[in-house]
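Thanks for coming. I will go through a few features of one model, and you can follow along on the screen.

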Amino acid sequence: VLASTGASYAPRDMLRAMRQAVKTRNDGRLRFLSSLFKEGSVSQLLVDSHSRLVWMNDWYPLKDLTYAIAVDTSLKRVLVVFRGAITAQDWKTVTQYSLETIPNPVKDQYEGRKDNVRVFSGVHQYLFRQRKDTGTTKYSEIASLAHKYGMEKIGKDYKLFVTGHSLGGALTNIFCFFASTEERFTRNGPVQAIAFAGPYCGGHSFADAFRHQERHKKLQFVRVTNDKDMVPRLPANFGVGRRGPRWRHVGVGVTMPKVPWIGKWKPLMHYYGKEKSWIGSAIHAYKRNFVFHTPWLRPWTISRMHTLFEIQDRLMYGEMQKNPGGDFKLLNQTMDELYKGLEENDFEKLKGMRTKQRFV
């Protein structure tokens, strides 16, 4: 350890230095820890990261929405992170699978614009239910704190990034959409978000408004899912309307197959553009129904397919295989590059990439 880090600490001295760094919040003194971890590992990324936690809302974890806010001064970015479902209140939220009609927050005129959009009822209420004592909402609380810390720690040129897993992925989807309608969050670039294993969050009117924000460079959204994870395919989406099945995914979809014993895989990419026809929309949705994406013959793996551990395994495999000679060029692309390709193709498909349909 001493030879690899170039440090002259004895174990007791190293522990003392770490405690002092934590106590004084001088994290620069902990940089040497990076070389103790595997290259590209989550632990190494955490040590190397300049992100610092500034707010954690877990005062009432059994009843309240749990989230955290961090600030990365090197990237000039404020990060909002949502937790997945754990408590009874969380599960009550995720099982309210109905489409709620709400006023459209996008005021611009665009093709097919409606005054109201339809969104996932439980998730929307979790964010926008008014408190009885103050009349405020969780969305306004989180947005105000994100802006406050962005201005205090970075300045006017901060950008907003949002992420979460499962229920947190659904909250990410709804939160970033509403944040993209606020000038304070888009004046320095689009709101960026990555949702992991999140379910459907809205209908066709929501998807139309979402794509408008993407087209006008106010929003970039990637949803990452594991193949054979049923949650991102819920609700069942059998009901149909004038434009096909009622629920629609949005953004860029990245589906990761299981890590193979031999050979290689690459993530499968897809952009959720506007449906071409009723029948096309129906086929698209039914192929992605949870019935066909659940490991029925291996039921003991159903819960594993949805965990952060499985997502981490697949992401780590992709990270290790993305070097020259590998088959993972997509993992070297930034969200800006992905959306530049979309813009060049009029938001029909990802530039220069096969948009395979089977797993997404």
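Cys201 has a relative accessibility of 2%, so it counts as buried. This is a predicted model, by the way. Cys176 also counts as buried, because its relative accessibility is 0%. Where is the closest cysteine sulfur to the sulfur of Cys176? It belongs to Cys201, at 9.1 Å, which is too far for a bond. Cys201 is accordingly in no disulfide. For anyone new to the term, a disulfide is a covalent bond between the sulfur atoms of two cysteines. The cut-off used here is a sulfur pair within 2.5 Å. A search of the whole structure turns up zero disulfides.

Next, the aromatic rings. How many aromatic pairs are there? The count is 15. Take Phe177 and Phe206: their ring centres are 5.0 Å apart and their planes meet at 75°, so this pair is edge-to-face. The cut-off for that label is planes over 60 degrees apart. Phe177 sits in helix H7, residues 167–179, and Phe206 in helix H9, residues 204–215, so the pair ties together parts that are 29 residues apart in sequence. Are these two residues buried or exposed? Phe177 and Phe206 are both buried. They also belong to one aromatic cluster, whose other members are Phe82, Phe128, Tyr139, Phe175, Phe178, Phe210 and Phe221.

Tyr139 from that cluster brings us to helix H6, which runs over residues 138–153. H6 has 16 residues and spans 22 Å from its first C-alpha to its last, close to the 22 Å expected. Several of its residues are buried, among them Tyr139, Ile142, Ala143, Leu145 and Ala146. As a general point, an α-helix has 3.6 residues a turn, so residues three or four places apart point the same way. Just after H6, Gly155 has a positive phi of about 125°.

Which residues make the nonpolar surface patch of about 440 Å²? They are Phe238, Val291, Phe292 and Trp296. Phe238 is in the loop that joins strand S8, residues 219–226, to strand S9, residues 240–241.

One last residue. Ser277 lies in the loop between strand S12, residues 268–271, and helix H10, residues 278–287. Ser277 counts as partly exposed because its relative accessibility is 31%. Ser277 and Arg242 are 35 residues apart in sequence, and their C-alpha atoms are 9.9 Å apart in space.

That is all I have.

Notes. Residues numbered from 1 in each chain as written. Predicted model: local features only at pLDDT ≥ 70, side-chain atom pairs only at ≥ 80, totals over all residues. Heavy atoms only, no water. Helix = DSSP H or I, 4+ residues; strand = E, 2+ residues; numbered from the N terminus. Expected span 1.5 Å × (residues − 1). Buried < 20%, exposed > 50% of the residue type's maximum accessible area, 1.4 Å probe, protein only. Patch = residues over 30% accessible without salt bridge, like charges linked within 9 Å, V, L, I, M, F, W, Y side chains within 5 Å. Areas by Shrake-Rupley, 256 points an atom, 1.4 Å probe, with all protein chains shown as cover. Salt bridge = Lys/Arg side-chain N within 4 Å of Asp/Glu carboxyl O. Phe/Tyr/Trp six-rings, centres within 6.5 Å; stacked < 30°, edge-to-face > 60°.
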